[in-house]
Amino acid sequence: MTTTKPLLGAPTARLEAREKVTGTARYATDYPTDRTAYAWPVPATVVRGEITAIDATAALADPAVLAVLSHQNAPRLRETDDPFVTVLQSPRINHRGQYVALAVATSLEAARAAAEAIRVTYRCEPHDVVLTPDHPGLYKPDEVGVGMPADREHGDFDTTYANARVRIDVVYETPALHNHPMEPHSATALWDGDELTVYDSNQDSSGVQQALARLFGLAADKVHVVNEHVGGGFGSKGSARAPVVLAAMAARTVRRPVKLALPRNQLAATIGYRAPTIQRIRVGADAEGHIHALAHELVTQTATVGEFVEFAAVPTRTMYHAPHSRTTHRVTRLDVPAPSWMRAPGECPGMFALESAMDELALACGLDPVELRLRNEPTVEPDTGLPYSSRHLVECLREGARRFGWHDRDARIATSREGRFLIGSGVAASTYPAFVMPSHAEAHAAADGGYEVRVSASDIGTGARTVLAQIAAEALGVPLDSVRVRVGSSDLPPASVAGGSSGTASWGWPVHKACTELRRRLAECGHAVPEQGITVAADIAEELDDREDFARHAFGAQFAEVQVDPVTGETRVRRLLGVFAAGRILNPRTARSQFIGGMTMGLGMALLEGSTMDREFGDYAERDLASYHVPACADVPEIDVHWIDEEDPHLNPMGSKGIGEIGIVGTAAAIANAVHHATGVRLRALPIHPDALLTRLADQLGLA
Amino acid sequence: MKEFRYERPTDADSAVALLTDAPGAAYLGGGTNLVDLMKLGVAAPDLLVDVSRLPFEEVEETDGGGLRVGAAVRNSTLAARRMVRERYPIVSEALLSGASAQLRNAATVGGNLLQRTRCLYFQDVGKPCNKRRPGSGCPAREGVHRDLAILGASEHCVATHPSDLAVALAALDAMVHLVSAAGPRSLPLTELHRLPGDEPHRDTVLRHGELITAVELPPPVPEARSAYRKARDRASYAFALASVAAVLQVRGGMVHHVRIAFGALAARPWRARTAEEALLGQPATEEAFGEAVDRELAAARPLRDNGYKVPLARRLAVSVLTDLAAPDAGGQR
Amino acid sequence: MGAMTAVTLNVNGERFSRELDNRTTLLDLLREHAHLSGVKKGCDHGQCGACTVLLDGRRVNSCLLLAVAMDGTEITTIEGLSDGTTLHPLQRAFVDHDAFQCGFCTPGQICSAVGAIAEARAGWPSAVTAHDAPPGPVELTVPEVRERMSGNLCRCGAYVNIVSAVREVAR
């Protein structure tokens with residue numbers, strides 16, 4: 001082999017970049033089909049109760065309308081407890097916005113008009129949709145996330161806290177947050193006999209294949225799920241959602257290909273969201289800022305069907321040395337849409353609370369917030385007692401502080417001004433686990449000297465396709481352009497979800513393994529590749545079973561500078577800087593984009609995003625992109641991202657940790673801490689909207 | 001969206017005639033709000049009369065030294081006109097602070113003034129709304145109303161008018177020129193929009209079929225300075241939480257001419273006449289501005305979650321007026 | 001089918017003529033009838049910019065325009081910006097600056113950037129342009145690009161790179 005620069009760690013441009021900038025990249029509803037029909041779902045307009053009648057007469061009067069589906073006539077699905085895919089099976093209404101009918105027509109315009117013309121009558125029941133800290137329905141879930149205990153207790157928190165020299169006892173709140181990927185959840189479904197092909201916008205083609213096979217009672221190999229390009233998901237496309245099921249039902253009924261793209265204003269009720277949280281944090285420390293007692297108690301909501309707990313107290317089990325600690329999760333069932341994954345579930349809202357509390361503790365102890373964190377650095381993971389596979393939070397904090405100019409700032413509260421603006425800076429730590437999930441891959445050497453790697457990975461914009469090519473080419477010892485990567489189809493070797501920041505590790509590992517073995521086999525046969533080529537399949541089940549016990553997490557430090565307009569209470573971020581320790585960075589170009597993207601979403605969480613539960617009507621009021629504000633270009637400042645070169649032999653053959661989520665963890669706390677530094681106002685409920693800040697500012701600054 | 005017929009007449013008389021005889025018909029300008037509402041089922045015209053290509057696309061100086069802006073002029077075109085930027089900068093500022101470049105490229109001046117409230121209940125046909133369905137009720141009063149009105153609302157409706165442009169025009173004493181089957185008429189911009197009272201479904205005083213043909217601005221007040229400022233959640237592409245347009249002329253330290261209009265506080269751009277009267281002949285000081293604005297806002301009747309608009313509007317207005325009074329302190333001509 | 005109207009327009013240099021449902025938007029005409037799926041439907045209500053195309057050279061949200069009202073106009077979509085071999089400078093810059101992740105908003109971002117650069121060259125101000133700016137082209141500084149590109153939302157958060165890409169071409 002010729003000596004070339006290593007491919008892993010090279011800033012390779014996205015392989016699909018050209019398709020994306022020319023508009024030829026195909027998303028779920030971009031595939032040309034013949035005799036296409038269009039489906040438009042009808043949401044329930046009551047919160048709880050039962051459908052008593054459905055009148056589709058007016059809708060069906062239009063000859064362009066092919067069918068109106070409802071629980072009365074829709075194809076029966078096999079039973080499941082997944083609220084997202086159990087559609088049109090029963091007259092029962094569990095939340096407002098739940099789908100009650102589906103109009104199918106030969107044109108989009110006719111389908112929408114038909115959906116509007118369907119008359120549904122209901123028998124209503126009283127509803128309960130508002131989360132309160134003392135809600136009577138609160139219970140302790142059996143587990144949170146994937147197999148994590150709801151509660152953990154170490155030492156004697158109560159006594160230690162009561163006797164602590166410095167005590168912080170504060171409650172933070174985060175609102176319901178919506179994923180709002182730019183591509184709404186969409187699908188095109190085609191049946192060929194009893195074989196189903198769907199072009200679907202999801203983060204897991206294998207998982208959606210399994211789900212559809214189960215729902216429709218098909219063998220998995222009769223279901224083909226294509227997700228070649230996905231217009232973002234941020235967790236909300238992590239498993240099958242209603243559109244793909246509805247499209248498949250409709251296509252079976254009308255015997256045509258059916259396209260269904262959710263109207264934007266239906267997303268808030270049907271595809272999941274980050275549940276609101278109420279988080280009480282208590283910290284007991286000595287005068288030097290050493291934490292002795294730490295409690296993080298979470299209250300959140302789930303729906304009446306299914307259970308999802310936003311496991312926000314979990315990161316507190318990892319972050320700081322605290323001999324006496326308590327972390328608890330309590331959840332209540334409300335008549336609300338089902339919550340689900342949203343970028344860094346648990347860590348993201350949890351670290352807003354913990355890292356804000358750390359800021360409060362630093363002030364209470366008269367310590368620099370960076371120094372406070374350094375003083376509470378653990379040697380092993382506090383909750384499990386396991387050694388960290390690697391942990392470089394300290395380095396991230398120090399490097400970030402140096403680059404940001406942290407120690408040059410005037411640490412006094414509400415003293416810096418520039419023109420009419422109040423200026424402040426804040427810091428927060430980030431963390432996210434380094435997960436790996438079982439996956440398969442194949443590597444193929446063709447007789448013509450080319451290579452193909454096959455894995456049913458999902459590139460939702462992370463750059464997975466590109467980094468997998470880099471991993472494969474490096475393992476094979478061949479140039480990048482001789483490797484073709486095939487992802488985005490359930491027909492490929494089954495692989496895990498693009499979620500939990502686990503994609504590169506979970507898919508890259510079997511790709512690496514298959515390519516390493518293929519390289520060995522090629523060397524063995526003297527590179528004499530037979531006509532049919534050589535294919536090597538690999539999976540990593542054994543390797544995962546054999547892994548040693550370590551606490552595996554990525555860490556980071558984020559710094560923010562804000563300006564607050566004292567006249568209006570408007571806060572704008574002037575600078576964001578993040579330093580991360582996330583194992584080996586395999587592609588600095590796409591990695592940087594991911595970190596920046598996470599921090600940008602974190603900025604939105606801090607200042608803009610949040611939905612209001614409409615108590616009377618039981619839905620989230622802000623259901624479009626004019627009222628639910630995601631950051632616009634003008635909101636986002638220069639974002640400076642760096643990383644520590646981290647060698648960690650306990651991860652995977654590439655030495656990588658996931659990077660898709662850690663960027664959003666800590667951003668909101670860094671910004672909220674900066675707002676406090678600028679103004680002296682501590683807002684413990686997000687988002688920091690002008691109205692929230694304005695009244696408090698007036699008190700703080702003695703302004704009229 | 002219901003089916004509709006589409007007509008594109010070539011002159012205003014034909015457009016007016018088409019609409020006058022069709023009670024379910026509507027004019028289509030840039031469509032940036034109407035098509036949006038049709039998709040939501042909020043608007044369901046059976047005939048669209050496209051007036052976007054009528055010959056109302058001129059921006060021209062009037063004989064009296066004012067400016068006449070055709071109703072079909074696109075928002076971005078108006079904002080970019082040198083004459084507008086130099087002589088009526090707050091018109092340009094207000095336009096550019098609203099929506100996005102794409103929307104401004106399509107939206108017309110007439111359509112901007114006639115856009116409808118962004119109240120979330122108004123836009124959701126699954127919920128009651130007196131503006132959309134008279135007599136169905138106003139859930140906003142007890143529900144989600146952070147963005148809604150504190151001035152001039154009624155028990156039937158607390159909607160706000162979303163236009164930025166209209167706020168600037170209100171402060172400039174603009175006139176609106178109309179034509180209908182009964183002939184042309186004109187009225188002050190401040191009289192175009194209605195407060196809800198017990199007829200919240202009527203946003204304006206326009207009769208069915210009446211068409212805005214132009215907006216006319218009087219000559220700029222000599223030596224007066226003006227500014228438009230808007231507070232919002234997002235740094236761009238967001239409706240106002242509150243906004244203010246102000247024109248101020250100070251002579252010998254005293255207020256000689258003043259116009260103040262608020263946006264996002266009421267169902268129409270809110271001319272602060274009480275404050276203006278209080279200020280006339282008074283010293284141009286922060287204290288005087290504050291007192292005058294307080295008098296205006298004494299009429300505010302905030303709901304549970306929009307009380308912040310009172311201090312916000314006050315501080316915006318006082319800050320803008322104070323800047324305008326200080327010749328070199330960042331205020332504008 | 002109810003009210004239909006014959007519409008003729010020019011799309012990417014080619015005549016497109018069709019009898020269309022009056023309710024059809026320009027966006028749906030492009031995607032479902034002209035099969036130009038590069039233009040994207042993100043919100044369908046003028047709130048995201050993913051459907052941005054150039055209408056007689058100006059950037060607009062195609063989701064809020066009725067196709068029937070577009071008779072006689074010239075439309076340019078992402079597919080019309082390059083011949084497929086040589087990229088438009090903005091397409092090139094978006095690749096070079098990694099100015100996207102999922103790519104869904106990208107066609108709209110690029111069409112919007114084409115419009116933004118033309119507007120600045122024509123001397124059109126934005127909300128951040130100095131009030132006393134001299135006549136003539138507006139320099140596309142970082143704040144100018146941020147403000148002018150704010151009609152195109154990107155949930156992946158690629159704004160930092162989008163601004164770099166647009167600035168490079170605007171120079």
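The model is predicted. In that meeting point, helix H14 of chain A crosses helix H5 of chain C at roughly 115°. A:Thr600 is one of the residues involved.

**Annotated domains**
- In chain A, an unreviewed UniProt entry lists residues 22–126 as "domain: Aldehyde oxidase/xanthine dehydrogenase a/b hammerhead".
- That stretch of chain A is 33% strand and 14% helix. Its end C-alpha atoms are 52 Å apart.
- In chain B, an unreviewed UniProt entry gives residues 1–222 as "domain: FAD-binding PCMH-type".
- Residues 1–222 of chain B are 25% helix and 17% strand. The end C-alpha atoms of this span lie 50 Å apart.

**Where H14(A) meets H5(C)**
- H14 spans residues 588–607 of chain A, and H5 spans residues 159–170 of chain C.
- The two helix axes come within 9 Å.
- From H14(A), the contact uses A:Arg592, A:Ser593, A:Ile596 and A:Thr600. From H5(C), C:Tyr159, C:Val160 and C:Asn161 take part.
- The residues of this contact divide into three nonpolar, three polar and one charged.

**A closer look at A:Thr600**
- A:Thr600 sits in helix H14 of chain A.
- A:Thr600 counts as buried because its relative accessibility is 2%, and the cut-off for buried is under 20%.
- Beyond its neighbours within four places in sequence, A:Thr600 contacts A:Pro631, A:Val636 and A:Ile639 in chain A.
- A:Thr600 also contacts C:Gly157 and C:Tyr159 in chain C.
- C:Tyr159 belongs to the H5(C) side of the helix contact.

Methods: Residues numbered from 1 in each chain as written. Chains lettered and ligands numbered in written order. Predicted model: local features only at pLDDT ≥ 70, side-chain atom pairs only at ≥ 80, totals over all residues. Heavy atoms only, no water. UniProt positions renumbered as here; feature names shortened; annotations may be inferred. Helix = DSSP H or I, 4+ residues; strand = E, 2+ residues; numbered from the N terminus. Buried < 20%, exposed > 50% of the residue type's maximum accessible area, 1.4 Å probe, protein only. Contact = heavy atoms within 4.5 Å. Axes fitted to C-alpha atoms, helices over the stretch in contact; angles between N-to-C directions. Nonpolar A, V, L, I, M, F, W, Y, C, P; charged D, E, K, R; others polar.
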